Structure formats: structure tokens, C-alpha cells
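Subject: The structure for you to look at

Hello,

Here is the structure I promised. Please open it next to this email and follow along.

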Amino acid sequence: MSGSPPHRQRQEVQRLLDALHTETRRSWTLMEVCGGQTHAILRHGLDQLIPPQLELIHGPGCPVCVTAAETIDRALALAARPEVILCTYGDMLRVPGTGPSHLLEARANGADVRVITAPLDVLAVARSHPGRQVVFFAVGFETTAPATALLAHQAWSGGAQNLSLLVSHVRVPPAMEAILTAPECRVQGFLAAGHVCAVMGRTEYEPIAAQHRRPIVITGFEPLDLLEGMLRAVRQLERGEARVEDAYPRAGAGVGNASARALITKVFTRCDQHWRGLGMLPGSGLRLRPPYDALDAARRFPSAARPDTDTDTDTDTDTEGCISGLVLQGLARPDACPRFGRGCSPERPLGAPMVSAEGACAAYWRYRERT
């Protein structure tokens, strides 16, 4: 198809599909880590075109979905303070905390909750409102952590007195470790998220592949990227190999971005983090290190924003019978949930994976009928 974008060329897609059908001789199960990959797979119907022996499991790679309910509660508590302007990404507004409340409801009730598209926008809000306290509710994987780190560095070096951060950044490798060590794990190989590796490179994945004997293929988000990643993973599995491969070289995913990693290391240190659906994962989070921890909202508002490690509850089970915790662990498909389409929809979501634009439940809702 001469008019197709370069990474959706029909002839190349068919070539990779033919190779997958020829070379997949046994049953294999792969997990695509990123929610963006899940959406791309369903949007293009790839899961319907691959060999029936090859099963795709959807991973927890949606930053909004895995943000702990207790952290949402802290954001709600901060937003409720009259002196606070709470800034965050649009997807976070409808994610419930431990109760049914969310930030969109708080805004409807008078809280000053603002949607930003880039962390540095928060600096402009703080400068425009010197008499208010501006809090940035920062979520995301390693992809968005450098931009949050840049905000923290500029706010700290500029002496901003009215800006602080509620940080809930998470790291992908510890989640992959947790999935692989779970007794019920069925994952035999990973399609690693190319944009995360474009920042962090492949180094952190190599011990996981070696220790757990699972191939990990760094993969992009276009049909050719995903099929190439699947084919490389299947070839390794068929040969009994387990190593990290880079099937996304145009993004520099194998080597990563040294400047971004340096900024993350300068501003953050690793910490234990509570994930919705996966529980507390050692070393899976990022928190501000000195001197940037002076900007920590938990220090500025200790009664409203305690760190995640203080939590002694496990409230990652969503309400009213939805199985979003199992979906986030790759143990159930969204359409296996008894509430999927029966009281749970993007207009009335019961769990975070239906709320987020990158959530697996939202992907099934949006694309399943089309495929």
C-alpha cells in the first residue's frame, strides 16, 4: 500500500504475519507491558491476525491505572485546601481513591483543580498566583519522570516558595519482576515499552531476562514495530533463548537518553511504591532527594500528603465487583469482567483501567467491536 505510513505498510505487515504463522510451532504467551501498545494492538486488530498459538497478555503499563488509591486520596485532601491549586494530567481527574470520589468531583464542588499538558506549565501557574500554594500531582513511568525532574530543578533553583510536588512516579522493571515471580504467572516473554527504553535504555532489562529465562524485546507502537517484536520473541522462545533485543532502533531505545537519566538521578531517589493491582513493590517508585525534597508536598502539607510507604492498607481492589486488579496483573482480560459493559463503561467507570486513555478496559471498549 504505497499511501500507507512507513510503519503500517500492508505488504510488510503481511510478510511479518506470514513469518509468525510459519515460525510459531508451539503455544507461547507474551505480555505487552505498555497500555499504548495494548491500544495499538487492538486498534489495528493484530491480536486477531497472529497465530492462535500466540497469546497476548496485557500488562500494567498504564501510569494512571496503577496509581494507588491512597495517593488519589492525598491529592483529594490537598485539593480540598482553600489555598491550594492542584495541577495534574487530565486522565487523573476521574480515577477514584479509596472511596468513590475523584478530582473531577472535587473540582465540581469548588476545588481549584487544573489540567496541565506539561510539568513546566505548573511553574507558570505558580508565578501567576504568588498568593496561592500550587501542587503538582506528578504521575507516570520513566517516560515522564525527566520532565517532572526538570520542573523540580527549575522550581528549586529559582527559589519558588509556592510550588510543591506530590510525586507518584513508578519504574517498569520492578513491576516486571513482580509479575514473573507471582505463582500464577503465565508470561513467557515481554514486549518492552519502547518509549520507556528510549529514556532508560536496555541495561535494567538484561538481568531480568537472564535470571527468569524470558526474552524481552524492546518494541515500538506501530503495527510493524509490534509484529517485529512478536516475531523476535517467538524466535527466541522456539530456540530456547532468553535475551534482550532492540526492535525499536529508530528511537535509540537500546542506549536510552543519558541526559534524561542523569536528570532523574539528580532529582529523584528510588523508593518502595504501592501500585494499584500489584501492591507494594520494593524500589519501584521515585521520590525527591535532597535538596529537592524541600518541594515535597508531604513535607509542606504533612497532614494531607503522607508518603506511600506510610500506608498500611491494601485498598487496590476496585469497587462493585470489577476485576481491574486482575486485569492490571495480566491475569484476566477486560471482557472477562462481569461488570464490563454491565454498569462499567468510559462514561461510568468502576476501575482505573476503564478511566484512562491507556487502560486495557478502555481499549477493549473502544476497539473490540471493530476487530
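**What I found**

Strand β3, helix α6 (residues 103-108) and strand β4 together build a right-handed β-α-β unit. Keep in mind that this is a predicted model.

β3 covers residues 84-88 and β4 covers residues 112-115. They pair in the parallel sense, over four bridges. Cys87 has a relative accessible area of 0%. Buried means under 20%, so Cys87 counts as buried.

**The whole protein**

Now step back. The protein has 17 helices and 11 strands. Its radius of gyration is 21 Å, close to the 21 Å that the globule rule gives for 371 residues, so the protein is as compact as a globular protein of that length. Its C-alpha atoms fill a box of roughly 65 × 45 × 45 Å along the principal axes. Of the 371 residues, 57% are buried. Take the contacts between residues at least 6 apart in sequence: 77% of them join residues at least 24 apart.

**The five-stranded sheet**

Next, find the open sheet of five strands. Their order is β2-β1-β7-β8-β9, and the pairing is parallel. The edge strands are β2 (54-61) and β9 (244-246), and each pairs on one side only. On average, neighbouring strands of this sheet are turned by 25° against each other, direction ignored.

Helix α12 (residues 223-239) packs on this sheet. The helix touches β1, β2, β7, β8 and β9. Its direction makes about 170° with that of β8.

Here are two of the pairings:

- β1 (residues 28-34) and β7 (residues 189-193) pair in the parallel sense over three bridges. Met31 stands opposite Phe190 in β7.
- β1 and β2 pair in the parallel sense over six bridges. Glu32 stands opposite His58 in β2.

Look at Thr219 in strand β8. Its relative accessibility is 0%, so Thr219 counts as buried. Which residues does Thr219 contact, leaving aside its neighbours within four places in sequence? They are Gln37, Leu191, Ala192, Ala193, Gly194, Asp225, Leu226, Gly229 and Tyr248.

Then move along to Phe221, in the loop between β8 and α12. Not counting residues up to four places away in sequence, Phe221 touches several residues, among them Cys34, Gly36, Ala40 and His195. Gln37, Gly194, Leu226 and Tyr248 are also in contact with Phe221. Phe221 and Ala193 are 28 residues apart along the chain. Their C-alpha atoms are separated by 8.4 Å.

**The hairpin**

β10 (residues 268-275) and β11 pair in the antiparallel sense, over seven bridges. Thr269 stands opposite Arg287 in β11. The hairpin of these strands has three residues between them. In this hairpin, Gly277 takes a positive phi near 95°.

**Backbone points to check**

Most residues other than glycine have a negative phi, and most peptide bonds are trans. Two places are worth a look against that background.

- Arg213 is not a glycine, yet its phi is positive, at about 55°. You will find Arg213 in the loop between α11 (206-212) and β8 (216-219).
- Pro290 and Pro291 are joined by a cis peptide bond, with omega about 0°. Pro291 sits in the loop between β11 (279-288) and α14 (297-300).

**Cysteines**

How many disulfides are there? The count comes to zero. Cys344 is one to look at. The nearest cysteine sulfur to Cys344 is that of Cys322, 6.0 Å away. A disulfide needs the two sulfur atoms within 2.5 Å, so Cys344 is in no disulfide. Cys344 has 7% relative accessibility, so this residue counts as buried.

That is my list. Please send me your questions once you have looked through the model.

Best wishes

Terms used
Residues are numbered from 1 along each chain as its sequence is written. This is a predicted model: local features need pLDDT of at least 70, side-chain atom pairs count only at pLDDT 80 or more; totals for chains, interfaces and linings use all residues. Side-chain values use heavy atoms; hydrogens and water are left out. Helices (H or I, at least four residues) and strands (E, at least two) are DSSP runs, numbered from the N terminus. Buried means under 20% relative accessible area, exposed over 50%, partly exposed in between (1.4 Å probe, protein chains only). Contact means heavy atoms within 4.5 Å. Two strands pair if DSSP finds at least two bridges between them. A crossover is right-handed if, with the strands pointing away from the viewer, the path from the first strand over the helix to the second runs clockwise. Axes are lines fitted to C-alpha atoms, for helices over the stretch in contact, and angles run from 0 to 180 degrees between N-to-C directions. The radius of gyration is taken over C-alpha atoms; the globule rule is 2.2 Å times the number of residues to the power 0.38.
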